[in-house]
Amino acid sequence: MKMVSENAESWIGSIVAQLEAIGVAQKKLEQQRVVDVNRLAEALKDNETKLILENTKPFGPFAKTLNVVRINMAILECYRKKCKLDNIGYYDSYRNQRSEIDFRVAEFKKNLQVFWEHKVEEAERKPLRDGVPFNVQSLFGGTIFRRMVEPLDIAEHYRKGLTDYKSHRPKHYTELEQWFKESATPDSSSMQREAVSSILTVDSLFWEHVEEAVLACNVLREVDCSEEEREAELAKLREFEDYVVESMKNYAVSSEIFLPQSTFMRWWKEYDEIVGDDHDSVLSRLMRNEEYEEYANGRLEIP
């Protein structure tokens, strides 16, 4: 058996605890299948994942079971926590693909995508009732899935050197987002404020906005950038600043964006150099004074 890093071992232990907490450990699944938590954890460091999830094929009956969804979501949540401990958010860790764990996360992401793509297709063909595609449980499950997994799709998109993710956005994300908005069940900013250190970013397209802001800065750095191009890109970036500030006001963005190695922090340093000290905005004051550090504690007040 090959050895893994201390971080990987710690992550595996965290997964075991999480799986036990949600009741997966030693619980009989469909067709009398039993998920051995230790074996599942071992699969993360050895090449045994297929033994555990061998029947999670598109639209197969086992792939549709709630327990498989819970397992994969638990694993992604553990991955997210592990990345945060490493001072890099799970978005950037997955985007950079620097470790074996980052590569293996793609398997669990795919399992969840298969499930929800099928679930959305079913709801479109046969909604629960007129105008209501999902029950409340499915609606919230789909929303958590979208907020957890779509950032990883965005990371893949920009890692490949592509741009304008929104033009290529998979349909199931669009539908899940629209159905949640139409459900009249908005997020509570007060609850998010209390748990801001652990929440998922409300807008699952947040990192698409960050990546496009990075690209805008790249344009401004080009020596042959015309004045017209410069003004257009600066307008985009000012709009992005307003978007970030509004998200922070509502405690709708994860504090992970402020981790030292995040793409957002990299963007900010680049942008701050471009606009210079004369640039004065709400976001620039928050960032330059490092007031964002209070955000993770739920104590930041933005007028």
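Q: Helices here are DSSP runs of H or I with at least four residues, numbered from the N terminus; with that in mind, where does Gln97 sit in this predicted model?
A: Gln97 is in the loop between α5 and α6, the latter covering residues 100-125.

Q: Why is Gln97 called buried?
A: The cut-off for buried is under 20% relative accessible area. Gln97 has 15%, so it is buried.

Q: What makes the backbone of Gln97 worth a look?
A: Its phi is positive, about 50°, although Gln97 is not a glycine. Most residues other than glycine have a negative phi.

Q: Which loop holds Asp164, and what is its phi?
A: Asp164 lies between α7 (136-159) and α8 (171-182). Phi there is near 50°, again a positive value in a residue other than glycine.

Q: Why does Asp164 count as neither buried nor exposed?
A: Buried stops under 20% and exposed starts over 50%.

Q: How many helices and strands does the protein have?
A: 13 helices and zero strands. Along the sequence that reads α-α-α-α-α-α-α-α-α-α-α-α-α.

Q: What puts Ser93 in the buried class?
A: Ser93 has 6% relative accessibility, and with the line drawn at under 20%, it counts as buried. Ser93 belongs to helix α5 (residues 90-96).

Q: How do you know that Ser93 and Asp102 make a polar contact?
A: Their side chains come to 2.7 Å, and the limit for a polar contact between N or O atoms is 3.5 Å. Asp102 also turns up among the residues that Ser93 touches, along with Tyr79, Cys83, Ile88 and Arg98, not counting residues up to four places away in sequence.

Q: What about Arg80: buried or exposed?
A: Buried: the relative accessible area of Arg80 is 4%, and under 20% is enough. Arg80 is part of helix α4 (residues 66-85).

Q: What lies by the polar side-chain atoms of this buried Arg80?
A: The backbone oxygen of Ser198 is 2.9 Å from a polar atom of the Arg80 side chain. Setting aside residues up to four places away in sequence, Arg80 touches Tyr90, Met148, Ser198, Ile199, Leu200, Ser254 and Glu256.

Q: What makes Arg147 and Phe180 a charge-over-ring case?
A: Arg147 lies 5.3 Å from the ring centre of Phe180, over its face, and the distance limit is 6 Å. Arg159 likewise lies over the face of Tyr94, with 5.4 Å to the ring centre.

Q: How many aromatic pairs are there when ring centres must lie within 6.5 Å?
A: The count is 21. In one of them, Trp267 and Trp268 are 6.2 Å centre to centre with 55° between the planes. Stacked needs under 30 degrees and edge-to-face over 60, so this pair is tilted.

Q: Why is the pair of Trp267 and Tyr271 called stacked?
A: The ring centres are 4.9 Å apart and the planes meet at 15°. That angle falls under 30 degrees, so the pair is stacked. Both residues lie in helix α12 (residues 263-275), four residues apart, about one turn of the helix.

Q: Why do Trp267, Trp268 and Tyr271 count as buried?
A: Trp267 has a relative accessible area of 1%, Trp268 has 6% and Tyr271 has 1%.

Q: Which residues touch the most other members of the largest nonpolar core?
A: Phe206, Met248, Phe258, Phe264 and Trp267, in a core of 68 residues. Leaving aside neighbours within four places in sequence, Phe258 is in contact with Met248, Phe264, Met265, Met287, Tyr292 and Tyr295. In soluble globular proteins, nonpolar side chains tend to be buried together.

Q: What makes Gly142 buried?
A: Gly142 has 0% relative accessibility, and under 20% is what it takes, so it is buried. Gly142 lies in helix α7 and, neighbours within four places aside, is in contact with Trp116 and Leu176.

Q: How much of the whole protein counts as buried?
A: 50% of the 303 residues. The accessible surface is about 15,600 Å², and 49% of it belongs to carbon and sulfur atoms.

Methods:
Residues numbered from 1 in each chain as written. Predicted model: local features only at pLDDT ≥ 70, side-chain atom pairs only at ≥ 80, totals over all residues. Heavy atoms only, no water. Helix = DSSP H or I, 4+ residues; strand = E, 2+ residues; numbered from the N terminus. Buried < 20%, exposed > 50% of the residue type's maximum accessible area, 1.4 Å probe, protein only. Polar contact = N/O pair within 3.5 Å; in protein donor to acceptor, adjacent residues only side chain to side chain. Contact = heavy atoms within 4.5 Å. Phe/Tyr/Trp six-rings, centres within 6.5 Å; stacked < 30°, edge-to-face > 60°. Lys NZ or Arg CZ within 6 Å of the ring centre and 35° of its normal. Areas by Shrake-Rupley, 256 points an atom, 1.4 Å probe, with all protein chains shown as cover. Core = buried A, V, L, I, M, F, W, Y, C linked by side-chain atoms within 4.5 Å.
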